Amino acid sequence: MNCELKDTWILFDLDGTLTQSEEGIWNCAKHAVKEMGFPEPDAATLRKFIGPPLLYSFRTFLGMTEEQAEEAQRIYRARYTTVGMYENRVYPGVRTMLRTLWKQGAKLGVVTGKPAYPTGKILEHFGFDRFLSTVVCATDARAEKEHLIREALPENHGEVWMIGDRCFDMEGGKAAGVHTLGVTYGYGSEQELLETGAEKIAHTPTEILEILCPDAKPGRGAFLSVEGLDGSGKGTQIERLSDALDRWGFEVVHTREPGGTPIGEKIRDILLDRENTGMTDITEALLYAASRAQHVREKILPAVKEGKVVLCDRFLDSSVAYQGGGRQLGIDEILKINAPAVENTLPALTVYLDINHREALRRRCAASEPDRMEMEADSFHARVEEGYHELIARDPKRFVVVDATKSRDEIAAEIQEKVLTRLMENEK
Ligand SMILES: Nc1ncnc2c1ncn2[C@@H]1O[C@H](COP(=O)(O)OP(=O)(O)OP(=O)(O)O)[C@@H](O)[C@H]1O
Ligand SMILES: Cc1cn([C@H]2C[C@H](O)[C@@H](COP(=O)(O)O)O2)c(=O)[nH]c1=O
């Protein structure tokens with residue numbers, strides 16, 4: 001059975017349904033309260049800020065007067081519209097769910113009690129605007145969900161679903177005469193949702209997809225690699241990038257070469273063992289390729305097929321630079337050895353952390369004992385560096401070259417910006 005969503009409208013609430021926004025809300029509330037000279041609210045009080053209007057929260061939960069609450073709201077909003085609205089994350093699975101419904105032809109919309117400015121910025125920030133046919137936000141004059149839902153729909157619409165995490169979404173949906181689906185991973189309980197008219201309940205974004213379109217297959221994910229000399233900061237930056245992608249709702253598979261699978265990790269141990277001084281260059285090249293052959297089939301390709309983003313610490317480029325350049329086996333020989341291992345699987349984008357080989361190795365050796373490869377002579381590492389530069393010159397479009405001598409934060413920000421832009425373009 002193939003599910004057909006061409007005439008279906010699916011409207012989502014924002015906070016608590018697509019994005020987890022408490023970090024920004026709490027930070028802004030704490031900031032406003034501090035600026036007003038009130039004691040810092042405890043966690044239970046802060047939790048109550050999610051949902052009700054701000055003025056009500058400042059008055060009721062913190063005992064402010066009308067004038068104080070208005071001033072606190074002004075301070076809150078000044079921080080929220082610059083910083084707080086981005087202290088926010090996409091729920092795991094939401095990105096895949098939206099993209100899959102959109103690819104199935106559904107008309108998607110957001111109907112939220114949030115004002116238009118932060119809503120638009122948040123949707124753009126996470127790259128959700130491209131999936132949406134309509135966005136309707138509350139104004140001072142009109143905040144009832146029922147009216148917002150009606151406004152979101154064209155005259156001749158097919159089936160409509162309102163999806164949200166609170167009673168307001170279910171009640172509004174019922175009053176507007178549309179189907180209602182409550183999600184329990186947000187800020188409301190299953191009981192609240194059922195009591196206020198939820199026809200269906202989803203405990204995860206994946207369950208939304210299973211309810212609305214059980215046969216839909218997710219779009220393909222992406223394969224990215226990070227390359228550089230030993231000590232260039234790959235491990236540090238992959239952690240940071242992985243956290244950022246997670247915040248944007250990409251499902252990340254963080255892996256490495258050699259290794260990444262149980263068989264690959266055994267091969268890694270052999271390759272990096274300092275005792276294996278007698279390993280010939282061609283044995284080394286074949287072992288790296290063998291680990292890769294397993295990795296591609298067991299882990300990389302299945303994850304990409306499931307819509308995930310594979311973030312790989314080294315791939316084929318490492319073999320070209322280290323065995324082709326460092327061991328002087330030559331680029332063509334390495335590509336020939338690896339052809340059956342990769343079967344045309346190449347990263348869509350490769351981040352290269354650019355740093356001089358001496359500086360990189362100094363960092364690496366200061367961190368821990370060098371392994372078999374890191375113990376190689378300076379001339380070996382110089383050839384590896386040269387090998388990378390040759391690769392980048394051959395395929396400049398695939399590489400994002402980042403100056404790895406900058407601070408960890410500067411490097412992370414640059415990588416994040418470039419990778420997210422590319423991934424979001426890829427989702428179209
Ligand atoms: N931008 C930076 N500036 C200064 N030091 C850094 C920077 N990034 C990472 N380091 C430090 O350099 C050392 C090596 O970093 P990291 O382990 O991330 O590199 P790597 O490329 O993954 O190394 P390897 O490939 O050998 O595992 C660590 O001690 C790390 O804290
Ligand atoms: C994939 C691959 C790696 N190498 C080298 C590069 C490093 O010296 C080690 C791996 O250690 P890391 O801490 O995980 O970076 O192996 C190589 O020579 N050829 C390759 O294909």
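**Figure 1. Helices that build the shell around ligand 2.** In this predicted model, three helices each give at least two residues to the shell around ligand 2: α12 (262-272), α13 (281-305) and α14 (316-326). Helix α14 supplies the largest share, with four residues. If you sort the shell by class, you will find six charged, five nonpolar and three polar residues. The space that ligand 2 takes up is the second largest pocket.

**Figure 2. Side chains that come nearest to ligand 2.** Here we move in on the contacts themselves. Ligand 2 has 14 residues around it, and those that come nearest are D230, Y288, R314, S319 and Q323. Three of these side chains are worth a look one by one. For S319, a side-chain N or O atom is 2.5 Å from an oxygen atom of ligand 2. For D230, an N or O atom of the side chain lies 2.8 Å from an oxygen atom of the ligand. Y288 also places a polar side-chain atom 2.8 Å from an oxygen atom of ligand 2. On its own, ligand 2 has 480 Å² of accessible area, and the protein covers 94% of it.

**Figure 3. H381 in helix α17.** This view turns to a histidine, H381, found in the helix that spans residues 378-394. Is H381 buried or exposed? It counts as buried, because its relative accessibility is 3%, under the 20% cut-off. A polar atom of the H381 side chain lies 3.5 Å from the backbone oxygen of E376.

Figure 4. V304 has its place in α13, one of the helices that supply residues to the shell around ligand 2. With a relative accessibility of 5%, V304 falls under the 20% limit and therefore counts as buried. Follow the chain from V304 to G219 and you cover 85 residues in sequence, yet in space the two are 9.0 Å apart, C-alpha to C-alpha.

**Figure 5. The whole protein, for orientation.** The protein has 18 helices and 13 strands. Taken along the principal axes, its C-alpha atoms fill a box of roughly 75 × 60 × 35 Å.

Note on methods:
Residues numbered from 1 in each chain as written. Chains lettered and ligands numbered in written order. Predicted model: local features only at pLDDT ≥ 70, side-chain atom pairs only at ≥ 80, totals over all residues. Heavy atoms only, no water. Near = heavy atom within 4 Å. Polar contact = N/O pair within 3.5 Å; in protein donor to acceptor, adjacent residues only side chain to side chain. Areas by Shrake-Rupley, 256 points an atom, 1.4 Å probe, with all protein chains shown as cover. 1 Å grid on protein atoms, 1.4 Å probe; cavity = no way out; pocket = protein on both sides within 12 Å on 5 of 7 lines; lining within 4 Å. Sits in = over half its atoms within 2 Å of the grid points. Nonpolar A, V, L, I, M, F, W, Y, C, P; charged D, E, K, R; others polar. Buried < 20%, exposed > 50% of the residue type's maximum accessible area, 1.4 Å probe, protein only.
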